[in-house]
Amino acid sequence: MERIPILKMGRHLLVTIQVDMHDRLAMSLQDDLTDRIVSARAKAVLIDISALEIVDSFIGRMIANIAAMSRVLDAQTVVVGMRPAVAITLVELGLPLKGVRTALNVEHGMALLKAQLDNSDDRDADASH
Amino acid sequence: MATQAQAQTLVEILREDERSLLHEWLEAQLESTTMRSTLLTRSELQDQSRRFLDALKAALDHGGLDSASPAYEGVRQLLEEMSTARGRQGYTPSETATFVFSLKQPLFARLRERFKADAGELAATTWGATLLLDRLGLFTTEVHQKGREQLIIRQQEEMMELSTPVITLWDGILALPLIGTLDSARTQVVMESLLQKIVETEAPIAIIDITGVPTVDTLTAQHLLKTVAAARLMGADCIISGIRPQIAQTIVHLGVELNDVVTKASLADAFAIALRRSGLSVQRMKDSSASSIRRVRPQDQEAEG
């Protein structure tokens with residue numbers, strides 16, 4: 001069965017969705033990603049959906065769910081590269097993905113994650129003192 | 001008498017006495033208060049009238065009195081051209097229709113001459129001719145109306161194209177100055193062009209300026225919020241600027257929640273906050289006595305120094 005690869009880079013996990021998502025694929029991504037966040041002790045997850053051209057309400061909710069689960073597992077999550085058509089569809093479907101951080105492309109997304117990781121590191125350091 | 005025979009009678013009358021008929025018709029047209037001598041010269045009018053009579057004769061010959069028959073194609077085409085041209089010059093539909101209707105008077109006068117003895121025949125033929133000319137006159141009105149409708153559609157399309165420019169204010173800062181009332185169709189175009197431009201320029205900040213939007217109702221506000229939400233999903237922040245006092249009051253009265261959106265009173269304020277977020281700042285140059293040209297082009301100053 002085809003799977004969406006999850007790449008580890010330092011404390012970051014990179015998920016690039018290069019194929020059209022169908023429901024089973026989204027479900028398996030959810031399982032794989034949560035497993036991987038725990039096993040790799042990842043602090044940040046970047047999900048690149050720039051190749052995703054079609055979404056329905058299920059996939060939209062899956063994206064929101066995956067982002068929320070990562071947050072619960074203490075990993076900062078950012079969704080990058082959403083296409084205009086996908087964004088309009090999600091808004092029209094009433095899924096504005098509240099609480100999911102977004103960025104225009106992978107570069108901006110990485111910068112955002114880095115800033116947040118630095119921030120939380122500082123906070124942790126302050127708390128331990 | 002059959003309509004075919006009536007049509008033949010009309011053709012005969014038109015043929016026999018064409019010159020004087022044309023003259024009388026022209027006089028009737030020129031006399032009518034609706035004629036505009038400034039827009040159309042007498043010779044042009046004469047030319048149009050003669051062509052119409054020729055076409056009418058041919059049509060009567062082959063198609064009888066039925067203006068829907070294919071034989072009237074030539075007449076219709078002629079009237080269409082004429083009506084379109086006159087419509088463009090600013091004629092009203094009734095002025096154009098008078099062109100056809102004014103033919104009745106000279107024509108009926110001749111019918112009266114011809115059927116002096118036969119009142120029944122006179123009435124029947126006059127009725128047939130009236131019906132025909134009425135239909136042709138109404139046809140010019142229809143053409144006029146159709147031309148106007150096309151004009152409206154074209155203008156709508158042009159307005160649609162005109163009204164949605166997305167401007168790059170700075171590297172990474174887009175501005176969308178909205179002008180005019182926002183309806184669903186326009187908002188769709190506006191939304192798509194803004195999102196497309198965000199993708200193209202990879203700008204993380206977009207300013208939507210609504211100074212030119214006359215009124216904001218719940219629907220407009222919802223459209224705006226949708227655009228902001230879609231841009232946010234793509235990873236760009238939107239700032240709404242140019243909210244006039246009246247509109248601010250309306251928004252609050254309507255109970256529209258703009259909590260998640262950054263709003264600013266003027267485009268300048270929005271631009272300032274956009275610059276700050278991008279880590280940029282605007283500074284007055286120290287050497288303020290320098291000429292304005294130098295101030296605009298600091299590299300020249302360096303070269304001179």
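**View 1. Parallel pairing of strands S2 and S3 in chain A.** Strand S2 of chain A and strand S3 (residues 44-48) of chain A pair in the parallel sense, with five bridges between them, where strands count as paired if DSSP finds at least two bridges between them. Within this pairing, A:Leu14 faces A:Leu46 of S3(A). Between S2(A) and S3(A) the chain passes through helix H1 (residues 23-40) of chain A, in a β-α-β crossover that is right-handed, meaning that, with the strands pointing away from the viewer, the path from the first strand over the helix to the second runs clockwise. Helices (H or I, at least four residues) and strands (E, at least two) are DSSP runs, numbered from the N terminus. The model is predicted, so that local features need pLDDT of at least 70 and side-chain atom pairs count only at pLDDT 80 or more, while totals for chains, interfaces and linings use all residues. Residues are numbered from 1 along each chain as its sequence is written, and chains are lettered from A and ligands numbered from 1 in the order in which they are written.

**View 2. The hairpin of strands S1 and S2 in chain A.** Four bridges join strand S1 (residues 6-9) of chain A to strand S2 (residues 12-16) of chain A in the antiparallel sense, and A:Met9 stands opposite A:His12 of S2(A). The two strands S1(A) and S2(A) make a hairpin with two residues between them, and in the turn A:Gly10 has a positive phi of about 60°.

**View 3. Chain A as a whole.** Chain A holds four helices and five strands, which follow one another from the N terminus as β-β-α-β-α-β-α-β-α. Of its 129 residues, 36% count as buried, a residue being buried if 20 or more other C-beta atoms lie within 10 Å of its own, exposed if 12 or fewer, and partly exposed in between, with C-beta atoms placed from the backbone. Among contacts in chain A with a separation of 6 or more, 80% are accounted for by residues 24 or more positions apart, a contact being a pair of residues whose C-beta atoms, placed from the backbone, lie within 7 Å.

View 4. Five strands of chain B form an open sheet in the order S1-S2-S3-S4-S5, with mixed pairing. Its edge strands, each pairing on one side only, are strand S1 (167-170) and strand S5 (262-263) of chain B. S1(B) runs antiparallel to strand S2 (residues 173-179) of chain B, to which three bridges join it, and B:Thr168 is placed opposite B:Leu174 of S2(B). H8(B) packs on the sheet, where it touches S1, S2 and strand S3 (205-212) of chain B, and its direction makes about 165° with that of S2(B). Helix H11 (residues 267-277) of chain B also packs on the sheet, touching S1, S2, S3 and strand S4 (237-241) of chain B, with a direction at about 175° to that of S3(B). Here axes are lines fitted to C-alpha atoms, for helices over the stretch in contact, and angles run from 0 to 180 degrees between N-to-C directions.

**View 5. The contact between chains A and B.** Chain B contributes 15 residues to the contact and chain A contributes 14 residues. On the side of chain B that touches chain A, the elements giving two or more residues are helix H8 (184-201) and helix H9 (218-234) of chain B, and H9(B) supplies the largest share, six residues. The residues on this side of chain B divide into nine nonpolar, two polar and four charged, where Ala, Val, Leu, Ile, Met, Phe, Trp, Tyr, Cys and Pro count as nonpolar, Asp, Glu, Lys and Arg as charged, and the others, Gly among them, as polar. The model scores ipTM 0.80 and pTM 0.64.

**View 6. Individual positions on helices of chain B.** B:Glu192, which lies in helix H8 of chain B, is partly exposed because 16 other C-beta atoms lie within 10 Å. The C-alpha atoms of B:Glu192 and B:Thr164 are separated by 9.9 Å, although the two residues are 28 residues apart along the chain. B:Ala109 belongs to helix H6 (residues 104-114) of chain B and is exposed, with 12 other C-beta atoms within 10 Å. Helix H10 (residues 245-254) of chain B is hardly covered, with one buried residue among its 10 residues, and just after H10(B) the residue B:Gly255 takes a positive phi of about 75°.

**View 7. Confidence along chain B.** Chain B averages a pLDDT of 83, with 90% of the residues scoring at least 70, pLDDT being the predictor's confidence in each residue, from 0 to 100. Over residues 300-305 of chain B the pLDDT is below 50, and beyond near neighbours in sequence this stretch has two contacts in the model. Where pLDDT is low, the predicted coordinates should not be read in detail.
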